[in-house]
Amino acid sequence: MIVLHGRGIVGGCAEGEALVTRETISGWGGIDPMTGTIIETRHELRGKSFKDKVLVFQGAKGSSGWSNAFHMTRLTKSAPLAMIFNQMTTKIALGAVVTRVPAVTELDQDPLSVIETGDWVKVDGDRGVVEITKKR
Amino acid sequence: MILADDEKAMLDGVSGVAKQKAMELLVRYAEALGADRFVDTHNIAGVPGSSTLFLQKYFEEHAGDGSFETVFSLYDLDAGEIMSVPAATGNCCHLQGGMDLEHWTDLGMSLEAMQHQHADEAELARHGVRIMKTCTPYLAGNLPVKGEHCAWMESSAVVYCNSVIGARTNTEGRESTSAAMLTGKIPDWGLHRDEYRHGTHRVHVETKPVESVMDWGMLGYFVGDIMQENIPVVTGAIRQADPLRHKHFGAAAASSGGVEMYHIVGVTPEAASLEIALGSRQPVATIKYGAEERRRVYDTLNANGRDPNVDYVMLGCPHASIDQFREVARLLVGKKIKTHLWMFTSRAVKTVADISGFTKTIEDAGGLVMTDTCSAIARAVPKGTKVVALDSAKQVHYLPAMVGVEAWFGTTEDCIKAALTGRWTGELP
């Protein structure tokens, strides 16, 4: 098991399968909040849903509707289980806060290099700790 | 966090439960950011309490009703209880909305949704919010001054506010702007602070001069894609800076990436020189924008276009300025279009377009002028649309994915030509 330490920005604990992208994610216009699916035309995760996954990504981009789009996924029960990201912005800070899922950033190793899609990831937003069990 | 006395008082509930909950949300947000204080703001642009039918029905089912105060309490402020919402403080405006209240049937909206929007607007007015209903508040009566601390949503307005006006705002969201409307506070982080406003990268234009609106849009799209959240300093041949060109550059840069601020040396207010724009630091990298890069951006923006038979021309992303109305009216006067043509703007600009005769010219040619929204926001295109022509890199970025259409990108003139002939013939000039 690999353990990363960072800063928790939204408290709580969750665990599940990772969905990883090196790319940033657009909220409004980039995801379908009804299903949690990435819809951005040129995105490497296009067509994939983060519902019930630990979303591991570079950060947020695009419209200021980012928080609203992710907030909506909380209502439609399509939100990710937790968020792990590198780049702090107002979009992602507010988005994580209102999505109310455990969220961690500023990790001591690049989570995009350590975590692969399908790995089992445990996120502790209170302590800022991420535990990774590789899928193989 | 270091809290001022008035902030502590609001958190303690001295000013009522709604302001207390708004401060609580702002503290959660500021702590997530790692901000250590708030800054006062009296210029707020958001979408307070506005609800889609989905939100309205959700809260009817889960909270008993979908009223303004319910949505504002439970969704905007993310509070656990429904509260009486006091009037907004300061200069607050509502940005774009879901439909034109005159042409709502063309947009395919239901009577229920239209009536709901009317009710929402009455609530906004009652709560002291200016109903601007536009993504371009700076063209419709909300124009801050250099150095003014703002709390704005709408990425294309945010980048304009910082870069062109020299006012200060981060890209705020619905929940933070709604909370700021009640408290007059926003986290003092990022672009509110001098040290975060300097350029990080240099983009040097080595093509023939970037001068047309289309070229400004393409350069913006290139810059956003490369910069993501960074702050570019643009140098080289970039000409004819005006509000329209900045509007298209910034909107594009905030779509392909997350650019919230840019400098153009000798043009924008915090870029008197390259050194000043960079804060006396060396750029992380210098990126060339040459003929090859320009070609690539054009091809990317046209990657969704295959069928040259155009059904629909959409103009006004971001919302059209009055000079764009003049241009479109000039191209359409005395002619009839073969496709649908919708042009979107703010109510303020439409009023001027109406009395200037531009609206009539466009409507006589067969087009429609609409306010408040756009095809991407309303997720609405004319019935049966398969192929769209657009003059906005931002709209090209969003619309094909959102409503499942092919899209062509070119100049406004290319788009009008497509409207008149039904065929796309645009090429990279």
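Let me start with one residue: A:K77 has 9 C-beta neighbours inside 10 Å and so counts as exposed. The cut-offs are these: a residue is buried if 20 or more other C-beta atoms lie within 10 Å of its own, exposed if 12 or fewer, and partly exposed in between, with C-beta atoms placed from the backbone. A:K77 sits in the loop between α1 and β9 of chain A. Its phi is near 60°, a positive value in a residue other than glycine. Most residues other than glycine have a negative phi, and most peptide bonds are trans.

Before going on, a word on the model. It is predicted: local features need pLDDT of at least 70, side-chain atom pairs count only at pLDDT 80 or more, and totals for chains, interfaces and linings use all residues. Residues are numbered from 1 along each chain as its sequence is written, while chains are lettered from A and ligands numbered from 1 in the order in which they are written.

Helices (H or I, at least four residues) and strands (E, at least two) are DSSP runs, numbered from the N terminus.

Now the sheet in chain A. Eight strands form an open sheet, in the order β1-β12-β11-β3-β7-β9-β10-β2, with mixed pairing. Two strands pair if DSSP finds at least two bridges between them. Which strands stand at the edges? They are β1 (2-5) and β2; each has a single partner strand, so one side of each is left without a neighbour in the sheet. Neighbouring strands are turned by 25° against each other on average, direction ignored.

β2(A) pairs with β10 (residues 103-105) of chain A in the antiparallel sense, over three bridges. A:R7 has A:T105 as its bridge partner in β10(A). Across β2, β9 (82-85) and β10 of chain A lies α2(A), at about 65° to β2(A). Axes here are lines fitted to C-alpha atoms, for helices over the stretch in contact, and angles run from 0 to 180 degrees between N-to-C directions.

Contact means that the C-beta atoms of two residues, placed from the backbone, lie within 7 Å.

One glycine to look at is A:G29, in the loop between β4 (25-26) and β5 (31-32) of chain A. A:G29 is buried, with 23 other C-beta atoms within 10 Å. Leaving out residues up to four places away in sequence, A:G29 touches A:G62 and A:S63, plus B:A376, B:Y398, B:A401 and B:M402.

On to chain B. It has 17 helices and 15 strands. Its radius of gyration is 22 Å, close to the 22 Å that the globule rule gives for 429 residues, so chain B is as compact as a globular protein of that length. That radius is taken over C-alpha atoms, and the rule is 2.2 Å times the number of residues to the power 0.38. Buried residues make up 58% of the chain.

Chain B is divided into domain 1 (5-194), domain 2 (198-300) and domain 3 (303-421). Those bounds come from an automatic or database domain assignment.

Just after α17(B), B:G422 takes a positive phi of about 80°.

A cis peptide bond joins B:C317 and B:P318, with omega about -20°. B:P318 lies in the loop between β11 and α12 of chain B. Then B:D372, which is not a glycine, has a positive phi of about 80°. B:D372 is in the loop between β13 (368-371) and α15 (375-378) of chain B. With 31 C-beta neighbours inside 10 Å, B:D372 counts as buried.
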